[in-house]
Amino acid sequence: MKGLLQKIPKVALFLATNEKAGRDKLQGILRYVRLHTPWNIHLIENRIGEQKLGDLRDWGATGIVVARMPDSVGTIACAGLPVVVIDSPTLYTQRLPRASFVTCDSEVVGQAGADFFVRQKFKNFAYVADVGAWDWSQLRCRAFCTALRQAGFDCAVYDGSGAGHTSDDWARDQKALARWLLSLPKPCAVLAARDGRARQVLETCLSAGLGVPGDIAILGVDNDEILCENSSPTLSSIQPDFEEAGYRAADLLEQLMRRNMRKPQTLLYGVHQIVVRESSRAASATDRRLLRGLEFIRLNAGELIGVDDVARHMAVSRRMAELLFRKYLEHSILDEVQQTRLTRLKTFLLETSLPIGQISAQCGYQTEMHAKRVFKQQVGLTMSQFRVLHEVKK
């Protein structure tokens, strides 16, 4: 009978969970399954030593979800089962003509990047494409450039197509990228196709003597926290709604397996948020003295530094240093030190089991009592309550 299942569906998921995008998509799929219907799932991640599914029908598969694993298309095509593809439709359309798609709206991503940088009052813009000829990278570029053109700005594009360039050789690509970044008018706001590419831009800027965000402000896409939070400076990023994509893909596959729909469908998902970090500080904050002070604080917040130490590193008087911080950041040097320490303290609480006294010392607080008092004032919770609350949410 149409719409009724006779047994639990067996679904093969082809998801690269080494990327945050893949993990978030998997979370969305699992959320759908928890809320709506049980599935028997086999996850294929392309890990070393992983057991594959050579014959999907032999396993008894009734449906497939695939995201950015074009090498698996042959296996999927031979199965002749309902298929939902998340993202990169041009890689699959020809060989999977009956597949349905849940695709990131790349125009929305590009538009979001352009709007963000324009609000930051940048005047010069550029886009760094991914090394692969991915359709989403090209579409993001087109939308970013179009939105900027409509706002009255030009946009330079780096696609790695220069003479002698090979996309699989990072050493050669970095040299070409460095020359291109040095040639841009400064300060320049750069949108990179994804966070991995944004980190390459950041590394290239630093090796070429370019300040980030003073000379080049950088915004990535995906909000891969492992990359973004562990860069120096930390990377800002557009976060597409990957979890919603997984949820909608699961719902679509469920309807296909139930035969409630037969024609291939195409659905779009958008942007969840823009996570602002240090790499995209507003263009107005380009005074190199200020940037030297911020870098010094970031490097030494765990030590017993004071306002005089920061001013000395900025090579200005204490009064001038305070004026620069208040002019561009609207708070004092001490406020910046405390914010940096507090952020580091939260990270220690969430990611380690170290005693609070030890954490307090490593974050630059003179006493455990002082750290506890500041934390309670700023966060509204004790450190122990903060740890317990976030442990429960996990």
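How much space lies in the second largest cavity? About 40 Å³, in a predicted model. Local features need pLDDT of at least 70 and side-chain atom pairs pLDDT 80 or more, while totals for chains, interfaces and linings use all residues. Residues are numbered from 1 along each chain as its sequence is written, and side-chain values use heavy atoms, without hydrogens and water.

**View 1. The second largest cavity.** A cavity is a set of points, on a 1 Å grid over the protein atoms alone, where a 1.4 Å probe fits but cannot get out; lining residues have an atom within 4 Å of a point. Volume is the space filled by probe spheres set on the points, which are joined across faces, edges and corners. Leu15, Ala16, Glu19, Ala21, Gly22, Lys25, Ala67 and Arg68 form the lining. Helix 1 (residues 20–35) gives the largest share, three residues. Helices are DSSP runs (H or I, at least four residues), numbered from the N terminus.

**View 2. The largest cavity.** This cavity holds about 80 Å³. Its lining includes Lys25, Arg68, Asp87 and Trp136. Four lining residues are nonpolar (Ala, Val, Leu, Ile, Met, Phe, Trp, Tyr, Cys, Pro) and five are charged (Asp, Glu, Lys, Arg). None is polar (the others, Gly among them).

**View 3. The largest pocket.** The volume is about 1300 Å³. Of 28 lining residues, Glu229, Thr234, Thr343, Arg344 and Thr347 are the closest to the centre. A pocket is an open set with protein on both sides within 12 Å along at least five of seven lines. Helix 13 gives the most to the lining, eleven residues. Six lining residues are nonpolar, ten polar and twelve charged.

Conventions
Helices (H or I, at least four residues) and strands (E, at least two) are DSSP runs, numbered from the N terminus.
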